[in-house]
Amino acid sequence: MTTAQHKIGSGFGAGSTAAEVVAGLDLTGKTAIVTGGYSGLGLETTRALTAAGAHVVVPARRRATAEEALRGFESVEVDELDLADLDSVAAFASRFLASGRGIDTFIGSAGIMASPETRVGPGWEAQFATNHLGHFALVNRLWPAFDAGARVVSVSSRGHHFGPVRFDDLEFRAGYDKWLAYGQAKTANVLFAVHLDRLARDRGVRAFALHPGRIMTDLVRYLDREELRAAGMLDASGQVTGEVKTPEQGAATQVWAATSPQLDGLGGGYLEDCDIAEPAPADGGRVGVKDYAIDPALAERLWTVSAELTGVNAFA
Ligand SMILES: NC(=O)c1ccc[n+]([C@@H]2O[C@H](COP(=O)([O-])OP(=O)(O)OC[C@H]3O[C@@H](n4cnc5c(N)ncnc54)[C@H](OP(=O)(O)O)[C@@H]3O)[C@@H](O)[C@H]2O)c1
């Protein structure tokens, strides 16, 4: 069944690190694919999974940068992937499938945030294309390799609170807003996990989405100091506002989603702070999951649209 959006009391929390959530787990013999696995939360995810014995494949937009970042890691392999280019997605997937290996864990950690209006492929809005459509096409193309017991982890954000998927104007033709576009893409990340879980659970594959927390990483690369102040991320003196996690803490929820036995038999849920999230309060607030992000009908609708746009659907 789909996971109810209520805490289970995992014993972990906002301060837990990725290393702590895998402590005691032996992932020897497991294969993980981590997009963005060479920067920010993805890098710390790769570190924790390899330290626990997994072999991690990191498909990278910047191969040399990834190789440099991952130098000295135990069992890691870098390949090439641009999520904004469906030919690149298809090429990486066929190279991986040709290797004959199975996948135990897929973590879609790559993403961009609040980029200036950019069009990719056939004119798609870049945040929706990179954060959602690229991962959608990649998981569908890799589907034959997923082993029973595997998990797919879709790294979303509290940014999904900015708004739902705009089915009447997915590409922001009527006027671009970089934060609404990020919100749409992050809502899509949650809906993707909801419907994938529904389609895949009979084959023993489960999917989760999550908010990792607030962590200062290269994700802010498109924002100048003024915009960071306007977004409430920096105060007037340029200091980071509010509570922030370290990258090791930020990676914990996605590593927990990918590996924790506490989630056995569950799927389709949205997580935060290494636990299942509660529904977002109707009167606002910054925690929890919005109804429109876990609505099964919206999830199915997004799946259908995404399959039409990308031309890929492993479940057709
Ligand atoms: N940091 C936070 O506070 C926060 C909060 C909520 C949610 N998140 C989510 O967490 C995830 C990871 O973010 P992060 O903070 O770790 O950011 P990050 O350090 O900027 O890492 C993002 C990764 O995505 C890769 N990427 C971007 N565009 C790509 C493309 N077209 N194809 C392939 N890879 C691409 C980047 O590669 P290059 O460096 O080569 O471009 C980088 O490795 C994102 O999905 C983000 O939305 C983060």
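Colleague: Among the contacts in the protein chain with a separation of 6 or more, what percentage is accounted for by residues 24 or more positions apart?

Modeller: This is a predicted model, and the values here are computed from it. Two residues are in contact if their C-beta atoms lie within 7 Å. Counting the contacts in the protein chain with a separation of 6 or more, the share that comes from residues 24 or more positions apart is 73%.

Colleague: What radius of gyration does the protein chain have, and what would a compact globule have?

Modeller: The C-alpha trace spans about 50 × 40 × 40 Å along its principal axes, and 52% of the 316 residues count as buried. A compact globule with 316 residues would have a radius of gyration near 20 Å, and the value for the protein chain agrees with this, because it is 18 Å.

Colleague: How many helices and strands does the protein chain have, and to which strands is E7 joined by bridges?

Modeller: The secondary structure comes to eleven helices and ten strands. Strand E7, residues 146-155, is mostly covered, with seven of its ten residues buried. Five bridges join E7 to strand E4 in parallel, with Ile107 and Val153 as bridge partners, and five bridges join E7 to strand E8, also in parallel, where Arg151 stands opposite Arg206. The strands joined to E7 are therefore E4 and E8.

Colleague: Where is Asp273 found, and is Asp273 buried or exposed?

Modeller: Asp273 is found in the loop between strand E9 (270-272) and strand E10 (275-276), and its phi is near 50°, a positive value in a residue other than glycine. Most residues other than glycine have a negative phi. A residue counts as buried if 20 or more other C-beta atoms lie within 10 Å of its own, and because Asp273 has 23 such neighbours, it counts as buried.

Colleague: Is Cys274 buried or exposed?

Modeller: Cys274 also has its place in the loop between E9 and E10, and its phi, near 55°, is positive in a residue other than glycine. Because Cys274 has 27 C-beta neighbours inside 10 Å, it counts as buried.

Terms used:
Residues are numbered from 1 along each chain as its sequence is written. This is a predicted model: local features need pLDDT of at least 70, side-chain atom pairs count only at pLDDT 80 or more; totals for chains, interfaces and linings use all residues. Helices (H or I, at least four residues) and strands (E, at least two) are DSSP runs, numbered from the N terminus. A residue is buried if 20 or more other C-beta atoms lie within 10 Å of its own, exposed if 12 or fewer, and partly exposed in between; C-beta atoms are placed from the backbone. Two strands pair if DSSP finds at least two bridges between them. The radius of gyration is taken over C-alpha atoms; the globule rule is 2.2 Å times the number of residues to the power 0.38.
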